[in-house]
Amino acid sequence: RHIMVGDAKSVENVKKFIRETTGRDLSVQQSSNMLQVFLDGLAQVMIIPGDWHAGLAMLQAIYSLWWPLLSAFKDHLGWKRVQQDVRGCYWVAVRLLEFVADELMRALLYEFVSEHNNVGDVVGDKEDEYICKVVKQFLAHLKKLAFQEDSESESGSEPDQWRRSWSIFIIMALDFKSFTEAYRNGDALMVEYGYKRFVTVWECLGQNKYVSRHFDQAETLYRGDTFSFSRLMELRVNRCVRRYNTNNNEKRMTAHDENLEIWNSFFARFPMVR
């Protein structure tokens, strides 16, 4: 059973090699036989994108769209290492994103609970039921703010562009967080859903490599004539790397490409012979 995991460039190179090799016209019988054996071997390999690199592309999309908002918080906090290009500051960029999303959600949630009296009664309801009711209605309110048209604004006035922008930002941040937590917990279905949530954002921003990777992955996973359902389930079970030698403060699972980055960082600390 073979599964190949790589970033967008690696997957693109393999796909390109298969296309060029398939279209090559060889007249020598021995070379043709060797080529066919090689292609038959590649036909058994399930090629999927690296989930950590996909998360990096999601984070870059958010920073490309919302850099003026994020940079204002960055300057106020004094986090000088955070840049718009998140490839060199991934972890601190994630911390800034989560901080800004939490603060904006806190402000909108406070406003929602203060202005809406139809969210239930904590006296009549149990406390956990009341909290669930508030959260469900707040999420519905958040989506309504994010996707309302100009004609749907309250009191016939102009729509509140700030609240709309904050709502869209929070939704994108939650999608990114759900995706990363999915491969931290080995939830392959949520990982696949995360690609679906972000493919339109990549398309709008011109990140065509990951748009192509999403549809290539869908074709690999869901075409029944290519791989059987048992192979699909096998890939889902082994999509994430289990780290058995960790304590409670470290990650239980990682994406395959993230695991390679961790090991590369580990071996880079070894002394080198000059």
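Let me start with the aromatic residues, where ring pairs link Phe 179, Tyr 183, Tyr 195, Phe 198, Trp 202 and Tyr 210 into a cluster; a pair here means rings of Phe, Tyr and Trp (its six-membered ring) whose centres lie within 6.5 Å, with planes under 30 degrees apart counted as stacked, over 60 as edge-to-face and the rest as tilted. Please keep in mind that this is a predicted model, in which local features need pLDDT of at least 70 and side-chain atom pairs count only at pLDDT 80 or more, while totals for chains, interfaces and linings use all residues. Residues are numbered from 1 along each chain as its sequence is written, and side-chain values use heavy atoms, with hydrogens and water left out.

A search of the whole structure finds 17 aromatic pairs, and one of them, formed by Phe 198 and Trp 202, is tilted, at 6.1 Å centre to centre with 45° between the planes.

Asp 175 touches Arg 197 and Phe 198, not counting residues up to four places away in sequence, with contact meaning heavy atoms within 4.5 Å. Is Asp 175 buried or exposed? With a relative accessible area of 18%, Asp 175 is buried.

Trp 202 leads on to the largest nonpolar core, which has 51 residues, and those with the most contacts inside it are Leu 59, Tyr 63, Phe 169 and Trp 202; such a core is a set of buried Ala, Val, Leu, Ile, Met, Phe, Trp, Tyr and Cys residues joined through side-chain atoms within 4.5 Å. Among the elements that each supply at least two residues of this core are H6, helix H7 (188–205) and strand S4 (253–255), while H3 gives the most, with 13 residues. A second, separate core of 6 residues includes Met 46, Leu 221, Phe 227 and Leu 232.

Finally, the cysteines: the structure holds 0 disulfides, taking a disulfide as a pair of cysteine sulfur atoms within 2.5 Å. Cys 89 is buried, with a relative accessible area of 5%, whereas Cys 204, at 70% relative accessibility, counts as exposed.

Note on methods: Buried < 20%, exposed > 50% of the residue type's maximum accessible area, 1.4 Å probe, protein only. Helix = DSSP H or I, 4+ residues; strand = E, 2+ residues; numbered from the N terminus.
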